[in-house]
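Dear colleague,

I am handing over the structure below, and I would be grateful if you could look through it before reading my notes. What I found follows directly after it.

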Amino acid sequence: MSPVSPLGFGYYGSYLAKQGNINDGYHYVKLALSLLDKVGSREYAGEVIFVCTRVKTYVEPLQAALEYHHEGYAAAMASGDSSQAVINLLALNSSSFFAGTNLQRMQEQCDNTIQLCEERHQLIFMVQAQQVQRSLSKLIGTGEEPKHSSEGQDILASNSSVLRSYQRK
């Protein structure tokens with residue numbers, strides 16, 4: 001087995017699930033996760049966990065996915081893959097809405113995600129996290145607008161597809 005075998009099995013399981021074969025997809029993602037420790041490399045663990053968790057949510061309770069995304073974040077940070085760490089946090093934030101997580105706790109999670117995005121210069125992901133944070137603020141009733149970095153605003157202002165979608169309103 002190669003160190004990337006878990007990644008291949010995870011993506012194959014995801015493909016099967018997207019084709020409607022959830023049971024076989026679930027089988028392959030479980031195989032991918034079990035191989036993570038056996039291949040001797042955790043370099044891709046954050047990505048494997050993220051991909052596999054998306055499939056597992058079709059079979060297991062959504063609340064379990066929250067813990068998996070925590071594990072994916074930790075694995076990605078341990079291997080130095082800040083992009084996958086942020087992707088796991090974004091998935092955690094969005095899944096938390098549907099899992100019924102306490103809104104104040106979610107707001108803290110979003111703050112941490114945004115802070116990591118700022119530190120690692122993951123501006124596109126930061127803008128996504130800010131949108132979740134904005135929704136949380138409205139649901140909680142604080143009415144606070146999320147803090148926008150000037151770099152994030154520049155991305156929004158210079159992206160023509162974003163501008164077109166805003167102009168249609």
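Leaving aside its neighbours within four places in sequence, which residues is Leu36 in contact with? With contact taken as heavy atoms within 4.5 Å, the residues that Leu36 touches are Pro6, Ser41, Arg42, Ala45, Val48 and Ile49.

Before going further, please note that this is a predicted model, in which local features need pLDDT of at least 70 and side-chain atom pairs count only at pLDDT 80 or more, whereas totals for chains, interfaces and linings use all residues. Residues are numbered from 1 along each chain as its sequence is written, and side-chain values use heavy atoms, with hydrogens and water left out.

On confidence, the protein chain averages a pLDDT (the predictor's confidence in each residue, from 0 to 100) of 86, and 85% of the residues score at least 70. Helices here are DSSP runs (H or I, at least four residues), numbered from the N terminus; confidence is highest in helix α1 (residues 5–18), at a mean of 97, and lowest in helix α9 (residues 160–167), at 46. Over residues 162–169 the pLDDT is below 50, and this stretch has 3 contacts in the model beyond near neighbours in sequence. Where pLDDT is low, the predicted coordinates should not be read in detail.

Leu36 is also a member of the largest nonpolar core, a core being a set of buried Ala, Val, Leu, Ile, Met, Phe, Trp, Tyr and Cys residues joined through side-chain atoms within 4.5 Å. Buried means under 20% relative accessible area, exposed over 50% and partly exposed in between (1.4 Å probe, protein chains only). Of the 13 residues in this core, Val29, Leu36, Val48, Ile49 and Cys52 touch the most other members. The elements that give two or more residues to the core are α1, α2 (22–35), α3 (45–56) and α4, and the largest share, 5 residues, comes from α3. Apart from it lies another core, of 12 residues, among them Leu66, Leu89, Leu90 and Ala129.

Helix α6 (residues 103–119) has its end C-alpha atoms 24 Å apart, which agrees with the 24 Å that its 17 residues should span, the expected span being 1.5 Å times one less than the number of residues. At its start, a side-chain oxygen of Asn102 reaches to within 2.8 Å of the backbone nitrogen of Gln104. The buried residues of α6, including Met106, Cys110 and Ile114, pack against α4 (62–79), α5 (82–99) and α7. After α6 comes His121, whose phi is positive, near 55 degrees; His121 lies in the loop between α6 and α7 and is exposed, with a relative accessible area of 59%.

In helix α7 (residues 123–140), two glutamines deserve mention. Gln130 is buried, with a relative accessible area of 1%, and its C-alpha atom is separated by 8.6 Å from that of Asp111. Gln133, buried at 12%, makes a side-chain polar contact with the side chain of Asp111 at 2.5 Å; such a contact is a pair of N or O atoms within 3.5 Å, where within protein one must be able to donate a hydrogen and the other to accept it, and residues adjacent in sequence count only if both atoms are side-chain atoms.

Finally, there are 2 salt bridges, defined by a side-chain nitrogen of Lys or Arg within 4 Å of a carboxyl oxygen of Asp or Glu. Asp37 pairs with Arg42, the closest N and O atoms being 3.1 Å apart; Asp37 is exposed, at 60%, and Arg42 is partly exposed, at 39%. Glu60 and Lys56 meet at 3.7 Å, N to O, and both residues are buried.

With best regards
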